Amino acid sequence: MMLSVLVLLLSAFSPALAWIPVQDWESGNVTTSVDSSGQCVCHVFLPDTTFPADRVEHMQQVSKDLILEVEIQKNKMVKYLGKLVIYLEDLKQLEARLTILESSPDDYIKLDFEMLRIELREFEALVSQLKDSLNSSSPLFNSLYTEIHNMTLLVNQLETYDKSNLEVIRHQFAKLQMKLEECQKDQDIIKPDIGNCNHTGILSFSNPLVVQFNGHLSSSYVYGGWGKDSKPIRGYENLHFYGAYTSPGGVYDFYFYTNYENLLLRKNFKHVDLPTEWVGVGNNYIVHSNSIYYQHNSPFSMTKFNLTSSKYDYRVISDASASFSYAYSGSQNLDFAADETGLWVIYASDENKGKIVIAKIDEKSFGIENTWHTGVYKQSAGNAFMVCGVMYATRTVDINTEEIFYAYDTKTKQERNLSIQFKKFQESYSNLDYNPSDQKLYMYNNGYYVSYNVKFNKE
């Protein structure tokens, strides 16, 4: 009993002794004696197999030091990774700015390029510093260096297109285009008689005048339309418009130019974004009396956006079907047209078995004034337009040639089969409209602005 008490007391003062089994105390590994001052002295003899308490203490200290070091390095990594995330975000922003410079040549200046170069150099230095700090050769860093190098090359390449020279070229190009049109008018001897219908119909067309590539300067924008206001209001006599998209399923914005030259130069434009609830479909829209007329699918209706008041309105056409489109493009169920007699919408109905119905729009009430049922299937036509109350339907002859093959006169209710051929710049097109204000035919031809002068039969 006394021995057990002694073990407990000694263990309290020396934790290492607590590991010594009691039998070692009793087997002679521990001896006791009394020194000269009467103090009890205890001698312990630890065999080699005894647990190494001193090593455990050392290991515990080393473990604490390692945990602390790991925590320090962890914090550094979090800090460096945070920087890396920031650098990657900065790189994305630089790429976005470079994309803007690449896609919007009107907006860049020499200072933009110099600032980009400086930022790219700074970015490269920061990435190098981070790589050295982490002592890493990760493929991520190689990828970053490659991106920086490629962007630097692109900046240098883009800067070779000096803006001042580009502006001069564009102005010269615009003047050349207008001279070309005048020359073509003289050559074709087409003398417009604006506003009059003293003829028996279309006789022929001029060769296509390819105005230029679309305003986005992208081959992806193959669906769209362009032209000028067919009934311009005072102060906007030369209003031109353009809209293009990568699919026929969405009509969501338009660009408006104060005149033809600004359209060519892509400057001084007004950009209109349609709200989500008013986004349209198809590409057979027109601008008439400072309002855009286009197809809306929710509900399926004809829609009007007034540029002056910024107000929207729509009307459901009870017999119009969303099942019939033109041959060249989907979703063109409602085709808007204007001529010397007013505003029209062309569609097909189930009642008319998929054949075209011509409807006259009352511009004041924005309702249907009258309808005419034709004998031509809408899906057999590439497009259609109105001239002096007569609807003309087109179709393809070959990849370079289109023809008017059918006409319906709303005044006489007479229909005719025709073959009036005209050349195309590209095989397919998504918008074709006659404009009574200049007696031209406007075509959006696979991403290109194309127009024709119309020659009428005076006999």
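Aspartate 313 counts as partly exposed, at 30% relative accessibility (with a 1.4 Å probe and protein chains only, buried means under 20% relative accessible area, exposed over 50%, and partly exposed in between). The side chain of aspartate 313 meets that of arginine 315 in a salt bridge, 2.9 Å from N to O (a side-chain nitrogen of Lys or Arg within 4 Å of a carboxyl oxygen of Asp or Glu). Arginine 315 is likewise described as partly exposed, its relative accessible area being 30%.

The model is predicted, so that local features need pLDDT of at least 70 and side-chain atom pairs count only at pLDDT 80 or more, while totals for chains, interfaces and linings use all residues. Residues are numbered from 1 along each chain as its sequence is written, and side-chain values use heavy atoms, with hydrogens and water left out.

The chain as a whole contains 7 helices and 23 strands (DSSP runs numbered from the N terminus, helices being H or I of at least four residues and strands E of at least two). Of its 459 residues, 41% are buried. Where contacts link residues at least 6 apart in sequence, 54% of them join residues at least 24 apart (a contact means heavy atoms within 4.5 Å).

The salt bridges of the structure number 5. One of them brings together the side chains of lysine 231 and glutamate 363, at 3.5 Å from N to O. Lysine 231 belongs to the loop between strand 5 and strand 6 (240–245), and glutamate 363 to the loop between strand 15 (355–362) and strand 16 (367–377), so this pair ties together parts that are 132 residues apart in sequence. Lysine 231 is partly exposed at 42% relative accessible area, and glutamate 363 is partly exposed at 24%.

A further salt bridge joins lysine 424 to glutamate 402, with the closest N and O atoms 3.0 Å apart. Because lysine 424 lies in the loop between strand 20 and strand 21 while glutamate 402 lies in strand 19, the pair ties together parts that are 22 residues apart in sequence. Both partners are buried: lysine 424 has a relative accessible area of 6%, and glutamate 402 has one of 0%.

Strand 19 (residues 401–409) and strand 20 (residues 414–423) run antiparallel and are joined by 8 bridges (two strands pair if DSSP finds at least two bridges between them). Within this pair, isoleucine 404 stands opposite isoleucine 420 of strand 20. The hairpin leaves 4 residues between the strands, and lysine 413 takes a positive phi near 60° there. In a regular strand, side chains alternate between the two faces of the sheet.

The structure has 2 cavities of 30 Å³ or more (on a 1 Å grid over the protein atoms alone, a cavity is a set of points where a 1.4 Å probe fits but cannot get out, and lining residues have an atom within 4 Å of a point; grid points are joined across faces, edges and corners, and a volume is the space filled by probe spheres set on the points). The largest cavity has a volume of about 110 Å³. Its lining consists of 14 residues, with Lys228, Phe241, Ile286, Asp433 and Asn435 nearest the centre. Strand 5 (223–228), strand 9 (280–288) and strand 21 (431–435) are the elements that each give two or more residues to this lining. Strand 21 supplies the largest share, 4 residues. By type, the lining of the largest cavity divides into 8 nonpolar, 4 polar and 2 charged residues (Ala, Val, Leu, Ile, Met, Phe, Trp, Tyr, Cys and Pro count as nonpolar, Asp, Glu, Lys and Arg as charged, and the others, Gly among them, as polar).

Ile286 is also a contact of serine 291: beyond four places in sequence, serine 291 touches Ile286, Lys304, Phe305, Asn306 and Leu307. Serine 291 lies in strand 10 (residues 291–297) and is buried, with a relative accessible area of 2%. Serine 310 is 19 residues from serine 291 in sequence and 9.2 Å from it in space, C-alpha to C-alpha. Serine 310 is placed in the loop between strand 11 (300–306) and strand 12 (311–315), and at 46% relative accessibility it counts as partly exposed.

Glycine 250 is found in the loop between strand 6 and strand 7 (253–257) and counts as buried at 11% relative accessibility. Apart from neighbours within four places in sequence, glycine 250 is in contact with Tyr245 and Gly280. Between the C-alpha atoms of glycine 250 and histidine 296 there are 9.7 Å, the two residues being 46 residues apart along the chain.

Note on methods: 1 Å grid on protein atoms, 1.4 Å probe; cavity = no way out; pocket = protein on both sides within 12 Å on 5 of 7 lines; lining within 4 Å.
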